[in-house]
Amino acid sequence: MSKALSKNLHVAKVNKKDEFYTQLTDIEKELKHYKPHFKNKIVLCNCDDPSISNFFKFFALNFNELGLKKLITTCYKNQNHDLFSKHTNEKAIYIEYDGSINGDTQPTAKEIGIKELKGDGDFRSEECIDLIKKSDIVVTNPPFSLFREYIDQLIRFDKKFLILGHQGAIGYKETFPHIQNKKVWLGVNNGGTKWFKVNKDYDIATESRKKIVDGEKYFSMGNVVWYTNLKIKKREEDLILFKKYSKSEYITYDNYDAIEVPRVAEIPFDYNGVMGVPITFLDKHNPDQFEIIGLSQKHGFGLLSHKTYEDFWEVRPDGTKTGSSGKKTNGNPVVKGVEKGNYFINSNGDKVRSLYTRIFIKNLRI
């Protein structure tokens with residue numbers, strides 16, 4: 001097999017794995033909070049096959065209600081344009097709709113007019129970048145495997161956007177510094193599980209994460225959130241705090257100058273130092289209430305670990321070693337002592353636990 005063919009097959013496989021089609025109900029639930037932002041704006045959905053994309057369907061159906069100036073959608077050439085007899089997956093296509101088609105129902109892409117792109121429809125291509133430049137707001141579900149490049153491009157071109165992505169993308173160097181600097185934040189509906197339509201041959205190993213509705217296959221994904229830089233009312237609401245700080249209850253990290261707060265509901269109302277909280281905190285973040293100091297990570301963002309664990313080894317609850325060194329905990333928030341699960345120990349018998357990623361915050365109201 002030639003290198004070129006091998007590369008093309010790999011790209012096709014990756015693209016196929018990235019084809020998650022967002023349900024219209026999820027789009028409607030989120031977009032209703034942003035209506036004033038769309039008046040007289042050009043909206044771009046640049047990862048959307050207009051034959052099946054619910055982003056296209058939503059904006060085409062609500063074009064006049066939102067007061068849009070124009071709707072543009074593009075899609076990759078390897079996607080299936082099932083509704084168009086003259087188009088195949090050998091061509092990338094796009095549409096531009098200006099609201100000129102009258103009627104009480106949603107205009108179809110075929111009625112609007114289908115245009116062919118010269119390239120493959122990749123959002124990084126020159127002709128697709130030109131469409132980004134002429135748009136005001138980008139709204140879509142981009143390929144999760146290319147999220148770093150996707151959000152980086154939006155920020156470089158100073159675009160307003162509302163996009164879906166994994167919760168884990170919060171920690172990307174292309175994302176977190178902008179969250180910390182109040183340039184990007186989470187949208188409204190970020191909790192629970194979202195069901196995405198996938199290709200019929202998409203492999204889903206876990207039965208509980210699969211369902212078939214009217215012959216269509218759906219895949220459930222938790223930890224998928226909305227990322228945006230559009231103003232929302234939710235971001236102005238204070239997180240109500242109930243717990244009082246006590247030194248005996250809140251552990252100080254062994255490697256960070258901050259206390260451990262394992263759940264957002266347990267953030268103390270009277271503590272004026274730095275606190276480590278789960279990344280789910282961002283769903284409740286009001287920048288006027290809390291300052292984001294940093295993120296616990298290998299290289300850190302704003303608050304660096306002052307201790308490493310080079311001479312530690314991971315140990316199972318039964319006392320046997322796993323073979324992993326303490327180096328993998330470097331940058332993670334670490335506390336002394338053992339409660340449950342695996343832990344780390346050195347030759348002196350010192351025991352520490354490595355925790356999940358934490359966002360470091362400080363209460364601005366104290």
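Here, contact means heavy atoms within 4.5 Å. Keep that in mind for these close-ups, which all come from a predicted model.

**View 1. Helix 6 and what covers its buried residues.** Helix 6 spans residues 126–134, and C128, I129, L131 and I132 are buried in it. These four sit on the same side of helix 6, because the arc they cover around the axis is only 155°. So what lies over them?

**View 2. The largest nonpolar core, with 47 residues.** Look for Y227, I267, F281 and I359 here: they touch the most other members of this core. Which helix gives the core its largest share? That's helix 7 (residues 147–156), with four residues.

**View 3. E266, a residue in a loop.** The loop in question runs between strand 13 (259–260) and strand 14 (275–277). Is E266 buried or exposed? With a relative accessible area of 16%, E266 falls under the 20% cut-off, so E266 counts as buried. Its side chain makes a polar contact with the side chain of R263, at 2.7 Å. Leaving aside residues up to four places away in sequence, E266 touches K243, Y250 and V261.

Terms used: Residues are numbered from 1 along each chain as its sequence is written. This is a predicted model: local features need pLDDT of at least 70, side-chain atom pairs count only at pLDDT 80 or more; totals for chains, interfaces and linings use all residues. Side-chain values use heavy atoms; hydrogens and water are left out. A nonpolar core is a set of buried Ala, Val, Leu, Ile, Met, Phe, Trp, Tyr and Cys residues joined through side-chain atoms within 4.5 Å. Buried means under 20% relative accessible area, exposed over 50%, partly exposed in between (1.4 Å probe, protein chains only). Helices (H or I, at least four residues) and strands (E, at least two) are DSSP runs, numbered from the N terminus. A polar contact is a pair of N or O atoms within 3.5 Å; within protein, one must be able to donate a hydrogen and the other to accept it, and residues adjacent in sequence count only if both atoms are side-chain atoms. The arc is that of the directions from the helix axis to the C-beta atoms.
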